[in-house]
Amino acid sequence: MKYLDEFRSPELVKQYLDEIHSTVTQSWNIMEICGGQTHSLVKNGILDLLPDKINMIHGPGCPVCVTPLALIDEAVYLAEEKQVILCSFGDMIRVPGSKKSLLEAKAGGADIKIVYSPLDAVKIAKENPDREVVFFAVGFETTAPPNALSVIQAKAMALNNYSILTSHVLVPPALEAIFNDDESEVHGVLAAGHVAAIMGLEEYYPIVEKYKRPVVVTGFEPVDLLAGILQTIKQLEKGEYKLENAYKRVVREEGTPSAKEIIFKAFEISNRDWRGIGTIPQSGYKLKEEFLNFDAHEKFKISIDKVKESKECIAGQILKGIKKPDECPQFGKKCTPEHPLGAPMVSSEGACAAYFHISDFQF
Ligand code: SF4
């Protein structure tokens, strides 16, 4: 398959690995931001093939993992107490809330539907004019355009029974929070190509300048990731820091202007709570004033007490790259994909799930 097979080529992988091995002379911590990058690194065995001096740190780019506990409780409340039709992507429904997950609420009779697009939820709202329909709008910049489009479309259709429960988070402020965290020691970053494909590169230049660390945008195939690691190592070894795009077949400097236009028609930037990390200023989207009728939190006047995270789950340290999943005492013991204690063990992009499913760990 063009643009895919060549980026899985064993010969190219070997060439990149050889060059990485001959380039690296010092120990470096490199963070891959996105859970999709983490899964590719683990699934393709790349972590085992890199030099010992390169320590890959798994970043916070798993949307399901960083959705606050309180928001899952709000979704459960809407489905159970307000009896809305709650529409969600599949990953989200298994994530534990403080008392139960959406899956458990569904098993108890709540009307929870798995959809593949927010526009499916708009369709459900149109077909069920007597019911309130809420879409659980979770994600990074990548899912913001369709979520924004859903409220724009619902407004145009005068669908008063549709709203979204929003937890949109943004990569650049999270990157700054990690660089500012005294506990984390990240020397260089592999930024996620799909986010840059939407937003472009401009947001990263000031961060690179301010923190003086290399950021390289990569794709998700083995050759994409190794090319990004090599470019990062070359910069670090020379004492350089700059923004590089190692995913030029997809990412343009300006991103996708039409998608950004849709995002900023419906959303504006706001502070956001990140599960396991806390509040990061200006790190998410909220609906603009003119779309507040479509904001489920406002519409249903939800007021739910925030519950503290389980002390057993160290997801915050995993998401900031301070610890690896297998350093969590519960990993593979009390916490498994069948009985997850935290979101990183549930999501298809969660680092704990990646280690559990694919690595060689023996229990
Ligand atoms: S292994 Fe489970 S308990 Fe530990 S950090 Fe991951 S999700 Fe949380």
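Student: What does the side chain of K320 make a polar contact with?

Tutor: A polar contact is a pair of N or O atoms within 3.5 Å; within protein, one must be able to donate a hydrogen and the other to accept it, and residues adjacent in sequence count only if both atoms are side-chain atoms. Here the side chain of K320 pairs with the side chain of D181, at 3.2 Å. Please keep in mind that this is a predicted model, where local features need pLDDT of at least 70, side-chain atom pairs count only at pLDDT 80 or more, and totals for chains, interfaces and linings use all residues. Residues are numbered from 1 along each chain as its sequence is written, and side-chain values use heavy atoms, with hydrogens and water left out.

Student: Where does K320 lie?

Tutor: Helices (H or I, at least four residues) and strands (E, at least two) are DSSP runs, numbered from the N terminus. K320 sits in the loop that links helix 15 (315–319) to helix 16 (351–358).

Student: Is K320 buried or exposed?

Tutor: Buried means under 20% relative accessible area, exposed over 50%, and partly exposed in between (1.4 Å probe, protein chains only). K320 has a relative accessible area of 17%, so it is buried.

Student: Which residues does K320 touch?

Tutor: Contact means heavy atoms within 4.5 Å. Not counting residues up to four places away in sequence, K320 touches M31, I178, D181, S184 and I277. One of these, I178, belongs to the buried residues of helix 9.

Student: Which residues other than glycine have a positive phi?

Tutor: Let us take two cases. Q83 is not a glycine, yet its phi is positive, about 55°. Q83 is placed in the loop between helix 5 (69–80) and strand 3, and at 55% relative accessibility it counts as exposed. A158, also a residue other than glycine, has a positive phi near 55°. A158 is in the loop between helix 8 (144–156) and strand 6 (162–169), where its relative accessibility of 53% makes it exposed.

Student: What does a partly exposed residue look like here, for example F89?

Tutor: F89 has a relative accessible area of 25%, which makes it partly exposed. The loop between strand 3 (85–88) and helix 6 (102–107) holds F89. Leaving aside neighbours within four places in sequence, F89 is in contact with I114, V115, Y116, S117, P118, F135 and T143. Another case is L119, partly exposed with a relative accessible area of 29%. L119 lies in helix 7 (residues 118–127) and touches L149, S150 and Q153, not counting residues up to four places away in sequence.

Student: How many helices and strands does the protein chain have?

Tutor: The protein chain has 16 helices and eleven strands. The radius of gyration is taken over C-alpha atoms, and the globule rule is 2.2 Å times the number of residues to the power 0.38. For this chain the radius of gyration is 21 Å, close to the 21 Å that the rule gives for 363 residues, so the chain is as compact as a globular protein of that length.

Student: What percentage of the residues of the protein chain count as buried?

Tutor: Of the 363 residues, 55% count as buried. As for contacts between residues at least 6 apart in sequence, 78% join residues at least 24 apart.
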